[in-house]
Amino acid sequence: MEAIIRKEFILEGLCCPVCAKKIEKGAAALSGVTAAAIDFAGQKLTLEIGETAETDGISARVALIVRDTEPDIVVREKKAEIPGTKSVWLLGLDCADCAAKIERAVARTDGVQSVTVDVMAQKLTLTAEDKSKLPALLRRATEIAVETEPEITVSYTDKRAEAEVGEKRKQLLKRVFMGTGILFFVAGLVSNIAWQAELALFLASYLLIGGEVVLRAAKNITRGQIFDENFLMTVATIGAFAIGEYPEGAAVMLFYQVGEAFQQYAVGRSRRSITALMDIRPDFANLKADGAVRRVSPEEVGVGDIIVVKPGEKIPLDGVVTEGRSALDTSALTGESLPRDVEPGNEVLSGSINKNGLLTVEVRKEFGESTVSKILNLVQSAGGAKAPVENFITKFARYYTPAIVFAAVALAVVPPLAFGAAFTEWLNRALVFLVVSCPCALVISIPLSFFGGIGGASRNGILVKGSNYLEALNKVDTVVFDKTGTLTKGMFAVTETVPKNGFAVDSLLELAAYAESSSTHPIALSVQKAYRRPIVAERVTEYEEIPGQGIRARVDGASVLAGNGKLLDAAGVPYESHDAVGTTIYLAVDGVFAGYIVIADEPKPDSKKAVADLKRLGVRQTVMLTGDTRAVGEKIGDELGLDAVYTELLPHQKVEKLEELDKTKPGKGKLVFVGDGINDAPVLARADVGVAMGALGSDAAIEAADVVLMTDEPSKIANAIRIAKKTRRIVWQNIVFALSVKAVILVLGAMGIATMWEAVFGDVGVALIAVLNAMRAMRTAPQ
């Protein structure tokens, strides 16, 4: 199978959904591109390219496609960073000589493999010989840059002040034209003048207000792009002028532009509001070095550096507390308001807020690998995985607009030719069709609804990797749980120690602790905890872990078996079976049964509520899979109200059982598996939706699952389904509302009742209302 190269492009200023679809279609048609997906809400285009394809010219061809579709969009390729390489922007660097000086000085620094300073892009790119030294080298490079040219500003984001100034000037000019056009429009309405002067006033108003629309339409026609809103609005308004409806033609363009302005503002505000939900990115770090503390960017801090976090500040990078005690607000990561107390030796995660104490932290991960970066990357890339309804609307829009345009042509031509009706009257009705034919309300609001739902879920400590998974949570038929650490606390304790055949209690516990000393399983850790003495590693000379059975080890020269009954059966050791509510570890020494130890776990406080909530939400069956004994599994199942429990399963048997359950679900029903995201990776991958629980700080869990719960509360699964259902309701509200209003206006327009004023509302008015409704998706409080 051919490897895939991924390229990402940021499309700044993308606010036209029809243009977005054209860009996506054009990019997908490029030679070598195997897939193209545009995230309208995130203003991002992602391409997948075959490894053998020629990639050098693709970026230029994408820029050309975007320019031909919508010249106002700024295309910026999101570069994949080479390990050991980072870039910073030197805003305000205009001196080529200064750039050369900075480059030479940085190149002489020990540890720098290569450095380039691009004065046109105002960017410094540095490659370190040793990746671990990159943050320190980057700090030194920025210091050299500021020393050489004190007027520059160092930035770790590609944000250009000049572009902002140019955009502000452009917007100011647009407002001046709009204001002047409105004055001409009002003058034409209130003045009692000859028709030639009236035409001049309304035409001047029309060109000042809608000139850019007409110009875009003309450019698009030369490129063969006809069915877009610029063309439709231009034809409709010019048609109004042609039949002598000057005020109506100018008014329709005026209200279209005003509606578009409100719509862009609403979309922009929605984006900012959704982004604010995940505003967990730290702005700075207090780096402690050489006896002083100075404020730096988190990207400048390396592993092993010491940072200071003051009360009220965000923890910028993952690390371990070395000094100080405090309470941390982790609500931005977990959705929980209860503070978490930390002291020396405790791990802390980036994105948490230090509430009251001064903390000194040793950094364990660079910023790009920290929890906050992984969460932000996950949320920001979620828009690329689209729900079926999004794909449906995209296909629908492709045929809807041309169909309405051809219907408008037929409406203008057929009645006058077939029945001798007045051409002017039927042309006016056809113009109403043209105005209302743009599907913007659907193409904008539906991705925005899913984007809002994903953002709202993230605020509640639920990370959804794409709108397709959010959509799938609406159709959950079966929820399958792993037991240990998911429905139960996973905090085992030894409750019973029963020696046999002359062995003592203490020696039995000692043998078990040494046999389990190399295991990190919660059961093994509970045995070691009960032993309460340090383990002398040299006493264990052999160790073998047998999946689904237990451990074979050699302790002080003796062969020790520690595990379930299957282990002793396989070894041919006779033993007394013990049916306890808990996990029983049988031990044998040199082929002799030595006794057993019982270890018990207990359900989490909200596990029963989680199962009950799922039932209320319409989930048909809840199932638990466990490798534990039948007695333990059934007791937990009865206590929590589960529909089915399958016990004594080996890892591969869990996958097989999941496949059996998958065959019992209805055609459109979905099967959800909930586990810890690490040991359950094969089962998570096999389920329709894999949910990893308690993934706070766990890279493996975030990678393995489709939905990640950042806390250990199973009740959040029900909350995720509620958010999914609310998002779906909003999506369908927008679909039904937009299509209903457009259908009514089309019928009334064909009957000669609706005018172009109502048609403008059916276009931009409906789109604006749909966008505002979509914003409700992000407002979801935890239950």
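## A buried ring and its partner

At a relative accessibility of 13%, Phe241 counts as buried (buried means under 20% relative accessible area, exposed over 50%, partly exposed in between, with a 1.4 Å probe and protein chains only). This is a predicted model, in which local features need pLDDT of at least 70, side-chain atom pairs count only at pLDDT 80 or more, and totals for chains, interfaces and linings use all residues. Residues are numbered from 1 along each chain as its sequence is written, and side-chain values use heavy atoms, with hydrogens and water left out.

## Aromatic pairs

Searching the whole structure turns up eight aromatic pairs. Rings of Phe, Tyr and Trp (its six-membered ring) pair if their centres lie within 6.5 Å; planes under 30 degrees apart count as stacked, over 60 as edge-to-face and the rest as tilted. Tyr206 and Phe241 have ring centres 5.2 Å apart and planes at 65 degrees, so this pair is edge-to-face. The two residues are 35 apart and link distant parts of the chain, with Tyr206 in helix α6 (residues 195-222) and Phe241 in helix α7 (residues 229-242). Helices here are DSSP runs (H or I, at least four residues), numbered from the N terminus. Tyr206 is buried too, with a relative accessible area of 4%.

What about Tyr586 and Phe593: how far apart are the centres of their rings? The distance is 6.3 Å, and with the planes at 45 degrees the pair is tilted. Tyr586 is buried at 5% relative accessible area, and Phe593 is buried at 5%.

## Charges over rings

Arg429 lies over the face of Trp426, 4.1 Å from the ring centre. Likewise, Arg539 lies over the face of Tyr514, at 4.2 Å from the ring centre. The criterion is NZ of Lys or CZ of Arg within 6 Å of the ring centre and within 35 degrees of the ring normal.

## Helix α2 and its two faces

The buried residues of α2 are Ile58, Ser59, Val62, Ile65, Val66 and Thr69. They span an arc of only 120 degrees around the axis, which puts them on the same side of α2 (the arc is that of the directions from the helix axis to the C-beta atoms). On the face turned away from that buried side, α2 carries the exposed residues Ala60 and Arg67.

## Gln257 in helix α8

Gln257 sits in helix α8 (residues 246-277) and is buried, with a relative accessible area of 7%. Its side chain makes a polar contact of 3.2 Å with that of Glu212.

Note on methods. A polar contact is a pair of N or O atoms within 3.5 Å; within protein, one must be able to donate a hydrogen and the other to accept it, and residues adjacent in sequence count only if both atoms are side-chain atoms.
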